[in-house]
Amino acid sequence: MNLFSRILCGLVLLGLVACDLPFGKEDPVVVSVGNRKLTQSEVYRVVPQWDSLSDREKLGFLERWIDEEVIYQEAMDANIMNDSILSAQIETTIRKMVVDFYLQTFADTMMIGDSEKLNYYQAHRNSYLRGKTTVSGAILNFKDWASADAYYSEMKTRVINAVPPEHPNVKEIVRFDSVATTPDSCMIPDILTYPVGKLSVMRYCNGALKMAVVTERLDSADVRPFKEVADDVFNMVWIEHRRAVMDRLKKEWKMKRPIFSKMSVFNEKENQ
């Protein structure tokens with residue numbers, strides 16, 4: 001680290017830790033360039049996580065700020081603000097910032113009700129099709145034939161619409177949930193035709209004794225439940241709601257002011 005960096009780092013630590021600083025106690029000055037002072041409150045506003053930064057990171061930030069401030073002061077000394085192109089760019093930027101900020105004040109207060117979300121969901125159900133068939137269920141592993149035979153005798157006549165709970169005769173239960181491909185090609189060759197709710201017979205597959213059960217199959221043409229798509233529905237409703245509100249506000253604001261133009265394009269728009 002060069003001498004300047006060491007001095008600057010010292011200033012940083014003094015500006016953030018010391019209590020009796022010549023720059024002032026209430027809002028200490030971290031660093032200054034000419035008459036421009038960067039205060040501690042400004043640092044926290046720009047870098048809220050300042051306290052968690054390392055000394056190297058703090059030093060890097062301050063060196064970048066000094067470089068920018070030096071260039072800015074040089075530009076001001078050169079009367080760069082008198083440049084007509086720059087002035088026009090600044091005015092355009094300020095106008096856009098003002099417009100965006102003002103519109104955002106309305107957007108921040110918009111409320112979307114549950115009825116709006118449900119109405120949108122019902123009107124756009126085709127947008128929320130699954131698009132592929134999925135199945136849920138489990139593969140059951142057994143340690144020996146006797147355990148498998150006893151379990152099958154107990155469960156073979158039952159309709160199984162949920163993954164079976166743990167059982168003394170079952171070594172391991174491997175769940176699968178909403179999969180679009182078979183979780184075990186030996187036990188479930190085809191998810192489209194495999195029976196739902198029925199425990200399979202025991203088979204020896206891939207070095208293990210297994211049974212399989214599909215508890216649910218959802219067709220590709222099925223509409224996904226509202227809970228699954230609630231976030232997406234909210235985003236779409238909010239966009240439409242915002243667009244409608246902004247269109248209404250712009251019409252109201254236009255009605256409050258006289259607007260004149262001799263451009264023929266407006267006549268063409270009315271004729272469309």
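Is Lys96 buried or exposed, and at what relative accessibility? At 53% relative accessibility, Lys96 counts as exposed (exposed means over 50% relative accessible area, buried under 20%, and partly exposed in between, with a 1.4 Å probe and protein chains only).

The legends below describe a predicted model, in which local features need pLDDT of at least 70, side-chain atom pairs count only at pLDDT 80 or more, and totals for chains, interfaces and linings use all residues. Residues are numbered from 1 along each chain as its sequence is written, and side-chain values use heavy atoms, with hydrogens and water left out.

**View 1. Lys96 and Asp100 form a salt bridge.** A salt bridge is a side-chain nitrogen of Lys or Arg within 4 Å of a carboxyl oxygen of Asp or Glu. Here the closest N and O atoms are 2.7 Å apart. Both residues belong to helix H4 (residues 84-107), and they are four residues apart, about one turn of the helix. Helices (H or I, at least four residues) and strands (E, at least two) are DSSP runs, numbered from the N terminus. Asp100 counts as partly exposed, at 38% relative accessibility. A search of the whole structure finds eight salt bridges.

View 2. Lys117 is buried, with a relative accessible area of 17%, whereas Asp114 is exposed at 55%.

**View 3. Arg130 forms a salt bridge with Glu228.** The closest N and O atoms are 3.5 Å apart. Arg130 lies in the loop between H5 and strand S3 (134-142) and Glu228 lies in helix H7 (residues 226-255), so the pair ties together parts that are 98 residues apart in sequence. Arg130 is buried at 18% relative accessible area, and Glu228 is partly exposed at 44%. Salt bridges with shared partners join Arg130, Arg224 and Glu228 into one network.

**View 4. The largest nonpolar core has 14 residues.** A nonpolar core is a set of buried Ala, Val, Leu, Ile, Met, Phe, Trp, Tyr and Cys residues joined through side-chain atoms within 4.5 Å. Among the residues with the most contacts inside this core are Leu140, Phe142 and Tyr151. S3, helix H6 (145-155) and strand S6 (208-218) each give two or more residues to the core. A second, separate core of 12 residues includes Leu38, Val43, Val47 and Leu62.
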